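Good morning, and thank you for joining this group meeting.

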Amino acid sequence: MKILFIGDVQGQENSAKLGKVISDIKVVEKPEIVIVNGENSADGTGITPKTAKTLFDSGADVITTGNHAFRRKEMDSMFNEHLSNVIRPANFGDDCPGKGFLVIDCGYCELCVVNIIGMVYMPPCDNPFKCADKILSEIKTPNIIVDFHAEATSEKKAMAFHLAGRVSAVIGTHTHVQTADEQIIAKHTAFISDVGMVGAVDSVIGVEKNVVQSFYNYYPQKHKVAEGVTEFNAVLIETETSTGRAISIERLKKII
């Protein structure tokens, strides 16, 4: 099985740009499942039903999120009512709307997509390592992709070793900068610290450069999605469906 995992999408305009690039990749690489982190797909931060629909219309099969999952109030009810293929971090707790993992029937096999958020430099949450263990105890398929939405590369690598041999891939999201450390751990689990983003090249991780002022003089600046030429960051993972073992992981980076 081939899985295309696309990094954090910045804003509505970039969400709409995905349609052609996903279509082009499908022609060449033929991924069977497309996963997109859409937690910043609304202009500013967060995700809305409208931007989720845009991502699905562009070719996404599953949308993962992160710390901005509930930034927009309209998502509270929509997670449960209409957007069954949008998931939020599982370790937000059971009282939070929505679900933290999703099992997809691919016909010849099942694929589980899990969303977990880190603890280091992130909002309070349940222990992600114990949460992952609990979820894996409930899942029957060996084909499991984990979106680990975390700040610290050390925590992401630790999670990869914790889940090595038990999941097909641990894909880091959140920092919006694609890392060059893709590997297969324990001859089974694909890993990358961060898949990157879909956002403006001429920006600070996808937002306008005036955010520099918040670092320079400590005065808060409103984050506005930057416009201009867009970079597309993703990874393509190939797995052996009978065992869930990752065969390869390849970074994709292009201008769209």
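Predicted model: local features only at pLDDT ≥ 70, side-chain atom pairs only at ≥ 80, totals over all residues.

Leaving aside its neighbours within four places in sequence, which residues is His 149 in contact with? Residues are numbered from 1 along each chain as its sequence is written, and side-chain values use heavy atoms, with hydrogens and water left out.

To the answer, then. With contact meaning heavy atoms within 4.5 Å, the partners of His 149 are Asp 8, Asn 37, Glu 39, Thr 65, Gly 66, Asn 67, Ile 116, Ile 117, Gly 118, Met 122, Thr 173 and His 174. His 149 itself belongs to strand β7; helices (H or I, at least four residues) and strands (E, at least two) are DSSP runs, numbered from the N terminus. Its relative accessible area is 0%, so His 149 counts as buried. The cut-offs here are under 20% relative accessible area for buried, over 50% for exposed, and partly exposed in between, with a 1.4 Å probe and protein chains only.

One of these partners, Glu 39, also makes a side-chain to side-chain polar contact with His 149, at 2.9 Å. A polar contact is a pair of N or O atoms within 3.5 Å; within protein, one must be able to donate a hydrogen and the other to accept it, and residues adjacent in sequence count only if both atoms are side-chain atoms.

Let us turn to the helices. In α4 (128-138), the buried residues are Pro 128, Phe 129, Cys 131, Ala 132, Ile 135 and Leu 136. Because they fall within an arc of 160° when seen down the axis, they line one face of α4; the arc is that of the directions from the helix axis to the C-beta atoms. These residues pack against β5 (101-105), β6, β7 (144-149) and α5 (153-163). Lys 130, Lys 134 and Ser 137 are exposed on the face turned away from the buried side of α4. At the start of this helix, a side-chain oxygen of Asn 127 comes within 2.9 Å of the backbone nitrogen of Phe 129.

For α5, the buried residues are Glu 155, Lys 156, Met 159, Ala 160 and Leu 163. Their arc around the axis is only 140°, which puts them on the same side of α5. They pack against α4, β7, β8 (169-173), β9 (183-185) and β10 (189-192). Ser 154 and Phe 161 are the exposed residues on the face of α5 turned away from its buried side.

Most residues other than glycine have a negative phi. Tyr 121, however, has a positive phi near 60°, and Ile 205 has one of about 40°. Tyr 121 is found in the loop between β6 and α4 and is exposed, with 70% relative accessible area. Ile 205 lies between β11 (197-200) and α6 (212-216) and is partly exposed at 42%.
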